[in-house]
Amino acid sequence: QTGLTFTSVAGAGVSPAQTIGVVNLGQGAMQWTASATAVSGGSSWLSVTPASGSSDGATHAPTPVTVSVSPAGLNPGQYYGQVQIAAPSADNSPQVAMVVLNVLPAGANPGPIVQPAALLFTGAAGGESPGSQTVTVSNLTRTPVTFTTGVVTADGSAWLVAVPGKATIAPGDSQRLVVQPATGKLAPVISAMI
């Protein structure tokens, strides 16, 4: 993840925290530190947790780092910052992710904010379905928002479900959607995205 975008409405809500995965493609345990720097708008709107951690080269599993923004006191406009992950034992250290915060004028309606914008499921043909994943829908306005969920698949079959099918989100709040594939009866397919 080399870039993150957040949206906020002045005097109302802000999009939820996002995560960056720190992966150790080498061997052993890689110790790292994380820091956040606001390039514009002062220093207090951008934060990262945890400030340090370790990633295991044996599993290559990503260690999550949470990036949050707090736009209180910021005027409408764009603000820039960066998150730096530094690991002294890594040849490609440090790694930097750019952060953009869009603060919209009071009363603006950016529509529901959906994160993440895409999900990837992988499973074996005829085997068990992969586990569910979640999508967060956020309401950044000062009025409730009602939404309905629809699922469309390329083959037209009903192998993907998202719940709840309908919900109302309070001002400045978020709602999680659970997305579950049922892949047991699907034929093998190799996909590529460019």
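Two strands are taken to pair if DSSP finds at least two bridges between them, and strands are DSSP runs (E, at least two residues) numbered from the N terminus. The model shown is predicted: local features need pLDDT of at least 70, side-chain atom pairs count only at pLDDT 80 or more, and totals for chains, interfaces and linings use all residues. Residues are numbered from 1 along each chain as its sequence is written, and side-chain values use heavy atoms, with hydrogens and water left out.

View 1. Strand 5 and strand 3 (residues 29-38) are joined by five bridges in the antiparallel sense. Gln31 has Ser54, in strand 5, as its bridge partner.

**View 2. Thr7 lies in strand 1 (residues 3-9).** Thr7 counts as buried because its relative accessibility is 15%; buried means under 20% relative accessible area, exposed over 50%, and partly exposed in between (1.4 Å probe, protein chains only). Leaving aside residues up to four places away in sequence, Thr7 touches Gly13, Val14, Ser15, Asn102, Leu104, Pro110, Ile113 and Leu140, where contact means heavy atoms within 4.5 Å.

**View 3. Three strands form an open antiparallel sheet in the order 2-6-4.** Strand 2 (18-22) and strand 4 (46-49) stand at the edges with a single partner strand each, so one side of each has no neighbour in the sheet. The twist in this sheet averages 25° from one strand to the next. Four bridges link strand 4 to strand 6 (residues 63-69) in the antiparallel sense.

**View 4. The side chains of strand 4 alternate between two faces.** In a regular strand, side chains alternate between the two faces of the sheet. Across in strand 6, Ser68 is the bridge partner of Ser47, and Val67 stands opposite Val48.

**View 5. Val163 belongs to strand 12 (residues 160-163).** The relative accessible area of Val163 is 44%, so Val163 is partly exposed.

Technical notes
Axes are lines fitted to C-alpha atoms, for helices over the stretch in contact, and angles run from 0 to 180 degrees between N-to-C directions.
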